[in-house]
Amino acid sequence: MGAFLAQFFMNPLFLVGVGSAAVPVVIHLIHRRKAPKVRFSTLRFLRVSNERTARRRRLQNLFLLLLRSLICALLAIALAQPFLAASGWADGPVTAVIVLDNSMSTSAEDEGRAKFGVAKETAMDVLRELGGKATVALLLSNPPGDYSAALTNDPSVIEKNILGSSVSAGRASLPATIAKAREILEESAVPNRQIIALSDMQKNSWSTADTPPDGKTLSKMPVVIIGCGSKDTSNAAVTDVAVRAGSRVEGEPMSIEARLLSFAPKAVSQTATLYVDGQARDRRRITLAPNVPVAVSFTYTFTRPGVHHGQVAIEDDRLKADNVRSFTVSIQRQLQVLIVQDEKSAVEFMDSSFYLAKALDPLGGDAAVRSPIRPARVLTASAESEKLSDYDAVCLVDVARIGPGLARMLKEYVREGGGLIVFAGDNADLRHYNAVLADPADALVAAELGQVLGNADDHTQFHSITDVDYSHPLLERFKGENIFNDVRVFQYVSARVAGRSAASLIGLPDGSPLLIENRYGNGTALMFTCSATTDWSNLPLKGAFLPLIHEIVHYVSREEMVKESYLVGSPVRLAFPEVREALPVEITSPAGDDHKLETAPGGAVNAAVFDLTDRPGVYSWRAAGRTGAFAVNPDTRESDLHRSDEAEVRGISRLEDVHVVSSTDEMRETLKRLREGLPLLDYFFLLVLVIAVFECFFSNWLTPSAPAEVRKNKLGIVTTSAHGEA
Amino acid sequence: MAKGYRYLDPQAVARLSKINLIARSVVEGFISGLHRSPFRGFSVEFAEHREYTPGDNIKDIDWQAYGRTDRYVVKQYQEETNLKAHILLDTSGSMGYKSEESSLSKLEYGSYLAASLAYMMVRQQDSVGLVTFSEKINHFIPPRSTTAHLNVMLKTLETAHSGQATNISRTFHDLAEHIKRRGLIIIISDLFDDAKDVMRGLRHFRFKRHEVILFHIFDRWEIDFPFRRLTDFVDMETNDQLQIDPRFVRDDYMHRIRDFIGAYKRECAGATIEYVQTHTGVPFDLMLHSFLAKRKRLH
């Protein structure tokens, strides 16, 4: 019995005092017995008055008696020092997982000191508080790839891990990390399990997107979250860098656009600097209003072919990691375009690709004036022997039928980011096209081709171009120039756009599309429903043709640039579709570390996946005699330093027993409360006080005012005359 | 003046010596006195003229009036007569109540009052009798106007004690039937009985043409009920006990006492009974003097 009571009371002996609840009853009975006897003239009126008020008074007195007994009992219980025992807590050592938030936002500095440094110191305090007998594991929110958290009862190991931990450039997902901590603790059979998380409470670290989708409580174990660092949200970041230029060819001016965002409560001035290959090339002075993205555009012309890297950087602030954003760009001497056709004409200008080749390289062969595009022609029969990945775009010109081998190569090529341009023509077998390229299950062209309409021999009957989507990036530069006004289409293939990723970019008055775009994998396929010759339309003869073809080639070959930027921590896939066997790949990280991996040829595409992208910067790779580079940048969701409060954390994380504290002292108090339970002494005293005050008021309200002193009037006599006069 | 009697206070006697108790209505008596008599013809005080009728004494004819009016009229005289008064003193148990604040019980107060009234009556040549009653009539001393008779009454008052239950109405009915000659009935009581029955008894007196003066005596604590502690109250007539916290019933009790007094006031006014409510805290001589002075003004 004593042991049982000891679970709830510090001094259970005082519970004997609960018997004092009987004191008011005893006093009442004694009081009744000791009531003085008074002889009174008559009870006639008293009896009636008593009967009238007795029932109500009995209830009131009973309630009053109950209140007084309750006060005595509660006082005795309060003196016994009750406490709310921690659920599932038993005698014995603690098993805990210390979760350390080392996401990018924790590198923000408060008065020159990083939040992560404060978190590490607090983690050491926590370790000391847990004691030498505790079994502890350290879990970082952004662990390195080979990191594994394991429970150990050797504090020196945890201490070493804490001191050796460093801030990452990645984003934290604390709900997921706490779920991981729970898994670790669930493997332990000991009863006293708890999770202690140290975080800067940054809002994005507690995103609902990271909580398990099953809707269940994330953890029933006690979770103490210690908020480290200030609530200052001042920070500016480079949130995005994109190379917007139309060409990746040397000598062509390129547009490099950066987006900047400030989370400071007031507007701040910043300087954005463009670095290319390690040297500052341009600079812009800008003012950043709070939470308003600002675009900064630089123009730069690469003069040498090869892989180049660059950054857009702003001045240092509290959070330095997001002040720089890298990019890489592969500059070529010329864009390589492969033209595939069934046969070559003996007469040059009658060749089906004559106008296309001329448009791609108008001064073909003139070494003095080099075109940015270099076309190469190949017959369909030998196209399968070509290494398509060497080309920035492939054009199929009036090809009658596409063999299964070539079709597979083309799909693989476009899926990996290549560009395909298909021209219809007299020889094209439309049914075959529909079967091979427009199969709804795996449509490369995504247009169901119908029949040939119009008459190529009658140039008096024609269609003009009436429907141009100038909002499309491919055509937006032609807006307002009316270059398609004099284009006449005499013959074309009727087509119906199919698929959600397909769209008609140029259309004819009858609604038939002239140019259809389809996104396929990482690449783009474009389909012209007329030929590249002057038989079907006069477009090849018009001024619009050359710039349109150049824009198309630049547009479809641009895709590889997108793949040159990744977020910290995300895996990078390097594909080599032209190689069938396993290929060794060497990667050098921004810190200069070399990593070696090998492609896996067994899958759909021969590719290698590199996932050690925990550092922001430029990574270079070498494989199969080729070189390349990609940029890894921090996740700028970490740049917003706004904090989550306890209610948000509780709601988002679905933690059942969560305690958010902001200091080491609070943490100690909370851990002590978890161990020893919640002391209820103060609450009981408060309850006693409240009841006592209520009893006073109630008792006072019940008791009628004391009779007034007997009034000393002059005679105290009241008379009435026989006629009723007073 | 009688001396050495407990209830005849010399100071009170001195204070009341210059005032008389005069019957407000007509009383029957044989001795000339202060009070109006219904019997005419043998007195010296002229009352009115009346038409002469055969059988009237000729010497009663007012010849001066005949000279003026040429009509035979006879003079009528109103004779002043002595008063026969009965003092009815309630000696029931409740009249023995004396609060801590009071120096006299209600019975003692009533006895003083009765003694003073008796003395006044005898002094003014009126006959006075004394009746003490509780459940029944304990003593009945018929009215007389002699000093010796006053002594008898005073002795009777000294021996009177409270202690029995009350049956006021029956006593009143008995006395109303018993007292033949109409006169003055002075009642001194706390009237702790059924008010309707008591009023029937009082109306019986009035029906017999008696003038009734009712002294309703209380103790101050019976009106103010100043008790504060839980108390076992013991009924002085029945010895019943009732434990009550007076604080909770005080308002209701006082309300009922006020209603009780108010009912007597109303009923007495309606029955032309002079009602005097007082308590033992008021010096009885002062109260009596004040009452008699007021009565004299109204007379």
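## Salt bridges across chain A

A salt bridge joins the side chains of A:Asp429 and A:Arg401, with an N to O distance of 2.6 Å. This pair ties together distant parts of the chain, 28 residues apart. A:Asp429 sits in the loop between β19 (419-423) and α9 (430-436) of chain A. A:Arg401 sits in the loop between β18 (393-397) and α8 (404-415) of chain A. A:Asp429 is partly exposed, at 26% relative accessibility. The model is predicted.

A:Asp486 and A:Lys542 also meet through their side chains in a salt bridge, at 3.8 Å from N to O. Again the pair links distant parts of the chain, here 56 residues apart. A:Asp486 lies in the loop between β22 (467-468) and β23 (488-489) of chain A. A:Lys542 lies in the loop between β27 (523-528) and α10 (545-556) of chain A. A:Asp486 is partly exposed, with a relative accessible area of 40%. A:Lys542 is partly exposed too, with 27%.

## A helical pair and a network

In chain B, B:Asp197 forms a salt bridge with B:Arg200. Their closest N and O atoms are 2.5 Å apart. Both residues belong to helix α6 (residues 195-207) of chain B. They are three residues apart, so about one helical turn separates them. B:Asp197 is partly exposed at 29% relative accessible area. B:Arg200 is partly exposed at 46% relative accessibility.

Another set of residues forms one network: A:Arg52, B:Asp252 and B:Arg256 are joined by salt bridges that share partners. Over all chains, a search of the whole structure finds 30 salt bridges.

Strand β11 (residues 268-276) of chain A runs antiparallel to strand β12 (residues 279-288) of chain A. Nine bridges join them. One bridge pairs A:Thr271 with A:Arg285 in β12(A). The two strands form a hairpin with two residues between them. In the turn, A:Asp277 has a positive phi of about 50 degrees.

β11(A) also pairs with strand β14 (residues 306-313) of chain A. That pairing is antiparallel and spans four bridges. Here A:Thr273 stands opposite A:Ala313 in β14(A).

A:Leu689 is found in helix α14 (residues 681-702) of chain A. Why does A:Leu689 count as exposed? Its relative accessible area is 52%, and exposed means over 50%.

Note on methods: Residues numbered from 1 in each chain as written. Chains lettered and ligands numbered in written order. Predicted model: local features only at pLDDT ≥ 70, side-chain atom pairs only at ≥ 80, totals over all residues. Heavy atoms only, no water. Pairing = 2+ DSSP bridges. Buried < 20%, exposed > 50% of the residue type's maximum accessible area, 1.4 Å probe, protein only. Salt bridge = Lys/Arg side-chain N within 4 Å of Asp/Glu carboxyl O.
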